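Let's take a friendly walk through the charged side chains of this protein. Have the structure open as you read.

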Amino acid sequence: MKKSISGIRGIFGDDLTLKDILKFCGNFAPLIKSKKCAVGNDTRPSGDMVRETAIAALMGRGIDVYNLGMVPTPVVFREARRYGAGLVITSSHNPLEWNGLKFVIDGRGPNEKEFEKILQEKKHSSGKIGTEHKISSKYVQEASRIIGKARKVKVTVDVGGGAALDVAPSLLRKIGCIVQVINPKRGPDPTADPLTQLVGISKKADIGFAFDLDGDRLVVVKDGKKQSPDTTLALGVSKALDLGYKRFCLSIDTSIAVERYITDNGGVVVRSKVGEANVIDTMLKKKCQAGGEGSSGGFILPEFNMCRDGILTSGLIAAMDGNKVDQIIQFVDRYSQLRTKIAIESKIHDKVLEKFQKNVKGKFGKIITIDGVKVIVDEDTWALVRKSNTEDIIRISVESNDLQKAKRIQKDITALVKQSHDQVR
């Protein structure tokens, strides 16, 4: 089972059971000040069973439940603003046998203190039983008002058997797109899938969009090519600039191309730790109007939703001028990102990073330590070494506008991490 402020996930029936669902939802209930909670699930086989168990647990603790049924994660986040809290039954892009819980408090994910309360063992006293209400969402109408009208673009949507099946095509048609829907059964993760069918069809369409199982992740396909997650974020950011937003938050591993595009167009950038919850936390503290994280292509527009919103982002991109889309893709393609990882046991991650920081000092350039150790080599080149929160690995990311330079730095940084590991051991 994986537990983080991004949610709780596990293989259902193995390391995530109905007993766990009852416990975590019971612990979540006291955090719901409004005593009202919107609930929805994605299309996993265990989705209905987990949803009904979660609803029972919440009602047993006096919470009135507003049941959306099968809907994408961004829809639950949107409705959570209306009711004060939300619960999504999803394991995002994990394999189908997984499931999990994503908690929403005041329109956002929980902070670390709130999440600790959800995990704590506690006894629950009986009291008033909450009520259940079946509801529908006005997400499509509300998102379309933010986006405005699009040109009559031909859009192909790969829903991948996920919860975006109805909502994404409905939104794109609402703003004026001509929509073709494919692949009702692809699978949970479009970032890892070659998306062969969508790539082929996109050569005849203006643009293609693929969603993960719960609809918060978006992959863009253009002219027969699957685009990088940073490109997806850059496209969302470009539309946000057009809408007048100027202050952006980007995770520390987001491409420098995205930051450069923002600053070249009169915007300001602050950086956060990696992770959706960390980006949103920094957005709120620094009063940022938009942003996201490049590693997941997750564009976030807090005014509308305090989560990655792949469905809203698809509409924003579809409403852009086609020539501008091509220009942004070319701009991001000037930079190359290389990612690797080294197997290192979790219990010594912090010591290895501490030693690496000493070993790398003075060898490249400026060092930033808000999340792991980031080395700024020059204005177009950086390297980031950070620990995994869920695996016995340390991740190494390098980016540069010179691929050969990126390869050399990756080799040097990897050697320094291994040296640091040997010294700690």
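## Ground rules

Buried means under 20% relative accessible area, exposed means over 50%, and partly exposed is in between (1.4 Å probe, protein chains only). This is a predicted model, where local features need pLDDT of at least 70, side-chain atom pairs count only at pLDDT 80 or more, and totals for chains, interfaces and linings use all residues. Residues are numbered from 1 along each chain as its sequence is written, and side-chain values use heavy atoms, with hydrogens and water left out.

Start with K285, which counts as exposed because its relative accessibility is 62%. K285 makes a salt bridge (a side-chain nitrogen of Lys or Arg within 4 Å of a carboxyl oxygen of Asp or Glu) with D281, and their closest N and O atoms are 3.0 Å apart. D281 is partly exposed, at 33%.

## Pairs that reach further

R82 pairs up with E142 in a salt bridge, at 3.2 Å between the closest N and O atoms. R82 lies in helix α3 (residues 73-83) and E142 in helix α5, so the pair ties together parts 60 residues apart in sequence. E142 is buried at 11% relative accessibility, while R82 is partly exposed at 45%.

D326 and K222 form a salt bridge too, with closest N and O atoms 3.0 Å apart. Here helix α12 (residues 322-333) is linked to strand β11 (residues 218-222), across 104 residues.

## The wider count

Across the whole structure, a search turns up 22 salt bridges. K102, D216, E276, E293 and R308 are joined in a network of them.

Technical notes
Helices (H or I, at least four residues) and strands (E, at least two) are DSSP runs, numbered from the N terminus.
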